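Please read the points below with the model open beside them.

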Amino acid sequence: MKTNEKKSSVLVSAERILDNYLEMNNHRKTPERYAILRAVYNISSHFTLDELGERLAEEYKFPVSRATLYNTMNLFMELRLVIRHRFQGTTKYEACHADNNHCHQICTVCDKVTEVKAPEICKAVDEMHLKRFRKDGFTLYIYGICSSCQAAITRKNKKLKHSENEKR
């Protein structure tokens, strides 16, 4: 299945989950909720509420209030359509309906977050037997220093050593 087809089928499935929830709980099916859901599932990375709001206003010509975004994201988290991450003091979100298992590497210098494919970890978690607990998914955060920051630190240290040697 091609990436766009997979994205489309995941969005259709997410919309169905939202439809069922709204109908069963006698909530209105507002255009804002569906526009937000489409925008979330068309973003291929982590995003903040502000970034989502800007995207809705620019690309979808559908501005929504921050309160609407906040409340809708809480609903989506309750339905397990979105996951919230707290990276280095920043709250970010991401669509999670198609993939509930996440591994992230987070640079403690520049705060860059990268998703990592780790089939060994996924397999280990899948094979774990937990007592009186049903697993839905997991998130793993690996903290460290990215190669760009490590290279910058190395260059800075070399400059410092070079300038100290010149002073002698």
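**Notes on the predicted model**

1. D111 is partly exposed, with a relative accessible area of 41%; the class partly exposed lies between buried (under 20% relative accessible area) and exposed (over 50%), with a 1.4 Å probe and protein chains only. D111 sits in the loop between β3 and β4, and its phi is near 70 degrees, a positive value in a residue other than glycine. Helices (H or I, at least four residues) and strands (E, at least two) are DSSP runs, numbered from the N terminus.

2. This is a predicted model, in which local features need pLDDT of at least 70 and side-chain atom pairs count only at pLDDT 80 or more, while totals for chains, interfaces and linings use all residues. Residues are numbered from 1 along each chain as its sequence is written, and side-chain values use heavy atoms, with hydrogens and water left out.

3. R80 also deserves a look at its backbone. Although R80 is not a glycine, it has a positive phi of about 60 degrees. R80 belongs to the loop between α4 (66-78) and β1 (82-87) and is partly exposed, at 36% relative accessible area.

4. Leaving aside neighbours within four places in sequence, I36 is in contact (heavy atoms within 4.5 Å) with L52, L56, V64, T68, L69, T72, M73 and F76.

5. The whole structure holds two aromatic pairs. Rings of Phe, Tyr and Trp (its six-membered ring) pair if their centres lie within 6.5 Å; planes under 30 degrees apart count as stacked, over 60 as edge-to-face and the rest as tilted. One of the pairs is F87 with Y141, edge-to-face at 5.6 Å centre to centre and 85 degrees between the planes. F87 lies in strand β1 and Y141 in strand β5 (residues 138-144), so the pair ties together parts 54 residues apart in sequence. F87 is buried at 4% relative accessibility, whereas Y141 is partly exposed at 28%.

6. A search of the whole structure gives six salt bridges, each a side-chain nitrogen of Lys or Arg within 4 Å of a carboxyl oxygen of Asp or Glu. One of them joins K29 and D19 (3.8 Å, N to O), linking the loop between α1 and α2 to helix α1 across ten residues. Both partners are partly exposed, K29 at 41% and D19 at 23%.

7. D50 and R66 meet in another salt bridge (2.7 Å, N to O). D50 is in helix α3 and R66 in helix α4, 16 residues apart. D50 is partly exposed, at 46%.

8. E127 and K123 form a salt bridge with the closest N and O atoms 3.9 Å apart. The two are four residues apart in helix α5 (residues 119-127), so about one helical turn separates them. K123 is exposed at 52% relative accessibility. Elsewhere, salt bridges with shared partners join D19, E23 and K29 into one network.
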